[in-house]
Amino acid sequence: MTSVGEAPKIAWRSATVIDVVQETSETRTLVLDVPGWPGHRAGQHVDVRLTAEDGYQAERSYSIASPPEESHLELTIERLDDGEVSPYLSDELRSGDKLELRGPIGGYFVWDVGTGGPLLLVGGGSGIVPLMAMLRHRDAALASADADTRNRLRVRLLYSSRRWDDVIYRDELASLADKDSTLQVTHTITRDAPAGWTGYRRRIDRTMLAEVAWPPAEEPRVFVCGPTPLVEAVANALVELGHPPALVKTERFGPTGGSV
Amino acid sequence: MSLISRGFRGKRQSAETAGRLPPGQYETRDFPVLSAGPTPRTPLTAWDFTLRGADGRSARWTWDELVALPRQTITKDIHCVTKWSKFDTVWEGISIDTLLSESAAKGIEAAPYVLARCDGGYTTNLPLADVTGGKAWIAFMYDGKPLPPEHGGPARLLVPHLYFWKSAKWVRELALLESDVPGFWESLGYHNYGDPWREQRYAGDE
């Protein structure tokens, strides 16, 4: 157990943007070089601090997208039109710029291969980011694992997006699932499904979870991340379906009226 | 000296707003929800609240008994460690002072620390001095309406002068303790005390 005053302060560090990857029209990934980064677990986040020339500061938290195995730290930022920090990170920041951050933060919404499986990930919109860190970590850690180990850590991801073009990491998710029969990725598109779409086209509900999720008897470790209404609906439905609340870990973000 | 972020201006607030915001916080008009797991739902008929003494003696109130105690209306700014602050939130609840004086009449003695225990297993720890003297409540009304489950209903601890994770949702018990015991987030890297004005977010923050 932690006791008072013993932990070192989580220091602010200077990070350098070494690449920017546009993921969707509203999201992009900042690839950062962070000298002295102490390492992290999949699911943790960082605090980012911006300082204006007159000393005015703003801080926000962002989930880490990259796995611990990656040498650079990646943050995937969703641009919020009325935001204060995300428009700057989305529109202004470019390669070579510096950024202050501290972390890693959060020790509950985390998973690594030592935690065990099976794993059920449910995400909405940019709520995929910490879940992607878990999938990337799993992929890296199991690179030379045998079939039994892979099966023990089998994963199902249910991911809700407004439109097909809003699906973050779409190609990477497809290629991860293509090469790994123990990873199943299911999309639901809540607004404009593409022509010929045969998948789900509604918000995640209990019926969908009953169809997609591992049965409660398999005692999956569950991670749910997204806007509050999605997380509330999913967590409540999972408990109704018989999943023990203690195995359902949630991370809610954004305004109460989110609509993914 | 902080690094200057080229081209960053930020959204400036009025001097009045800025003066009410602890360092690193921004004002929201919304009421975001943050919880580590599913929202527990305990029917009021099965709900009770316990104040437990360090010697194991306890006082217990049913829902009807608790809400019949003298209630107060509280208007306070609240500050979440995830950076949002919300001004002038209006609550109704029972002062912890009231519960302590009722339980003192039953022989339960004060102790220097408290641990709040909640439905769903959540816990948070505080010095007794931070929940007495008109600083903390068991709140069951928000904005004139019963507190919604996702915001901690039927009742949550309200300790507005500390980061809001200390205002434990779905609270069912306050245990008086002779020594401090870290709660849920306090065991997972968050600050043991959590004063927003000193920006005590994480373990190690001064």
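Author: Happy to! In this predicted model, the C-alpha centres of domain 1 of chain A and domain 2 of chain A are 24 Å apart. The domain assignment places domain 1 at 13–105 and domain 2 at 113–253. Where these domains of chain A meet, domain 1 brings 15 residues to the contact and domain 2 brings 14. On the domain 1 side that touches domain 2, there are five nonpolar, seven polar and three charged residues.

Now let us look inside. The largest nonpolar core has 103 residues, and the members that touch the most others are L75(A), L121(A), L131(A), F223(A), V224(A), V234(A) and I138(B). Helix α2 of chain A, residues 128–141, gives the largest share of this core, seven residues. Both domain 1 (13–105) and domain 2 (113–253) of chain A contribute residues, so the core lies between them.

Six of its eight residues are buried, so β6(A) is largely enclosed by the rest of the structure. Strand β1 of chain A, residues 13–22, pairs with β6(A) in the antiparallel sense over four bridges; here T16(A) has K98(A) in β6(A) as its bridge partner. β3(A) also runs antiparallel to β6(A), and four bridges join them. In that pairing, R49(A) has E100(A) of β6(A) as its bridge partner.

In all, 42 residues of chain A are in contact with 39 residues of chain B. On the chain A side, β3 (45–51), β4 (57–63), α1 (86–92), β6 (98–105), α6 (228–240) and β11 (248–253) each supply at least two residues. The largest share of that side, six residues, comes from α6(A). By type, the residues of chain A's side divide into 19 nonpolar, 11 polar and 12 charged.

And the partner itself? Chain B has three helices and 11 strands, running from the N terminus as α-β-β-β-α-β-β-α-β-β-β-β-β-β. Its radius of gyration is 18 Å, close to the 17 Å that the globule rule gives for 206 residues, so chain B is as compact as a globular protein of that length. The C-alpha trace of chain B spans about 60 × 35 × 30 Å along its principal axes. Of the 206 residues in chain B, 40% are buried. Among chain B contacts between residues at least 6 apart in sequence, 63% join residues at least 24 apart.

To finish, follow β5(B), residues 84–95. Strand β1 of chain B, residues 26–27, pairs with β5(B) in the parallel sense over two bridges, with E27(B) opposite S85(B). Strand β4 of chain B, residues 72–79, pairs with β5(B) in the antiparallel sense over seven bridges, and there H79(B) has S85(B) as its bridge partner. The hairpin of β4(B) and β5(B) has four residues between the strands, and K83(B) in this hairpin takes a positive phi near 100°. Five bridges also join β5(B) to strand β8 of chain B, residues 137–142, in an antiparallel run; E92(B) has M141(B) in β8(B) as its bridge partner.

Definitions and conventions:
Residues are numbered from 1 along each chain as its sequence is written. Chains are lettered from A and ligands numbered from 1 in the order in which they are written. This is a predicted model: local features need pLDDT of at least 70, side-chain atom pairs count only at pLDDT 80 or more; totals for chains, interfaces and linings use all residues. Two residues are in contact if their C-beta atoms, placed from the backbone, lie within 7 Å. Ala, Val, Leu, Ile, Met, Phe, Trp, Tyr, Cys and Pro count as nonpolar, Asp, Glu, Lys and Arg as charged, and the others, Gly among them, as polar. A nonpolar core is a set of buried Ala, Val, Leu, Ile, Met, Phe, Trp, Tyr and Cys residues joined through C-beta atoms within 7 Å. A residue is buried if 20 or more other C-beta atoms lie within 10 Å of its own, exposed if 12 or fewer, and partly exposed in between; C-beta atoms are placed from the backbone. Domain bounds come from an automatic or database domain assignment. The radius of gyration is taken over C-alpha atoms; the globule rule is 2.2 Å times the number of residues to the power 0.38. Two strands pair if DSSP finds at least two bridges between them.
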